[in-house]
Amino acid sequence: MTRNELDDRLRELGIYSDFYYRKELKALTQVLGEYERLNCLLTGVHEGNRKLVAVTDRRILILFTALGGGEMKMIRRESVKEWRFDKKLLFHTLTIETNGGASFTFTNTQGKLRDLFQWAMNEPIPAAE
């Protein structure tokens, strides 16, 4: 996926102005598959660092970009056992648990993106090609 295609998709989702400046988007364009569709982006603090969470029709990508490098974790959507997006007055939390027993908790997420995240997670996973 090119950066222009990614920017167009962010505009379709109505979140371009929230994320166009994020340095993680460069890495995201390199890891999104040709037939993969981005459905949601949000950020949250995980393990002491602010990370970008990208939900596609096939997987969840967790990206962290630092000055000296970065890291990426990938969760296949079919391996997600449970997810919760707790929206409180000021402190919103996203938790994703996998069938393998891993748990990812993101604090200080954007509460206004809860509905978009829920929609993205409820979208059907495409059949394998």
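**View 1. Strand 6 and strand 7 (residues 103-107) pair in the antiparallel sense over five bridges.** The model is predicted. Within this pairing, Thr-95 has Thr-105 in strand 7 as its bridge partner. The two strands form a hairpin with four residues between them. Gly-101 of this hairpin takes a positive phi near 95°. Five of the six residues of strand 6 are buried, so strand 6 is largely enclosed by the rest of the structure.

**View 2. Strand 5 (80-86) and strand 6 (93-98) form a hairpin with six residues between them.** Six bridges hold the pairing, and the strands run in the antiparallel sense. Val-80 has Thr-98 in strand 6 as its bridge partner. The loop between strand 5 and strand 6 holds both His-92 and Leu-90. The next two views take these residues in turn.

**View 3. His-92 is a buried residue in a loop.** The loop is the one between strand 5 and strand 6. The relative accessible area of His-92 is 9%, so His-92 falls under the 20% cut-off for buried residues. The side chain of His-92 reaches the backbone oxygen of Lys-88 at 3.1 Å.

**View 4. Leu-89, Leu-90 and Phe-91 form a nonpolar patch on the surface.** Together the three residues have about 420 Å² of accessible area. Leu-90 lies in the loop between strand 5 and strand 6. Leu-90 has 62% relative accessibility and counts as exposed. His-92, in that loop too, is buried at 9%.

**View 5. Strand 1 (residues 38-46) and strand 2 run antiparallel, joined by eight bridges.** His-46 has Asn-49 in strand 2 as its bridge partner. The hairpin of strand 1 and strand 2 has two residues between the strands. Glu-47 in this hairpin takes a positive phi near 55°. Strand 2 covers residues 49-56. Six of its eight residues are buried, so strand 2 is largely enclosed by the rest of the structure.

**View 6. Strand 2 also pairs with strand 3 (residues 59-66), through four bridges.** The two strands run antiparallel. Leu-52 has Leu-63 in strand 3 as its bridge partner. Strand 2 and strand 3 form a hairpin with two residues between them.

**View 7. Lys-73 and Glu-47 meet through their side chains in a salt bridge.** The N to O distance is 3.8 Å. Lys-73 lies in strand 4 (residues 69-76) and Glu-47 in the loop between strand 1 and strand 2, so the pair ties together parts that are 26 residues apart in sequence. Lys-73 counts as partly exposed, at 26% relative accessibility. Glu-47 counts as exposed, at 56%. Glu-47 is also the residue with a positive phi near 55° in the hairpin of strand 1 and strand 2.

**View 8. Arg-58 and Asp-57 form a salt bridge between their side chains.** Their N to O distance is 3.9 Å. Arg-58 is partly exposed, with 24% relative accessibility. Asp-57 is buried, with 10%.

**View 9. Arg-114 forms a salt bridge with Asp-115.** The closest N and O atoms are 3.9 Å apart. Arg-114 is partly exposed at 27% relative accessibility. Asp-115 is exposed, with a relative accessible area of 54%. Elsewhere, salt bridges that share partners join Glu-47, Lys-51, Glu-71 and Lys-73 into one network. The count for the model comes to 15 salt bridges.

Technical notes: Residues are numbered from 1 along each chain as its sequence is written. This is a predicted model: local features need pLDDT of at least 70, side-chain atom pairs count only at pLDDT 80 or more; totals for chains, interfaces and linings use all residues. Side-chain values use heavy atoms; hydrogens and water are left out. Buried means under 20% relative accessible area, exposed over 50%, partly exposed in between (1.4 Å probe, protein chains only). Two strands pair if DSSP finds at least two bridges between them. A polar contact is a pair of N or O atoms within 3.5 Å; within protein, one must be able to donate a hydrogen and the other to accept it, and residues adjacent in sequence count only if both atoms are side-chain atoms. Patches are made of residues with over 30% relative accessible area and no salt bridge: like charges are joined within 9 Å, nonpolar side chains (Val, Leu, Ile, Met, Phe, Trp, Tyr) within 5 Å. Accessible areas come from the Shrake-Rupley method with a 1.4 Å probe; for residues, only the protein chains shown count as cover. A salt bridge is a side-chain nitrogen of Lys or Arg within 4 Å of a carboxyl oxygen of Asp or Glu.
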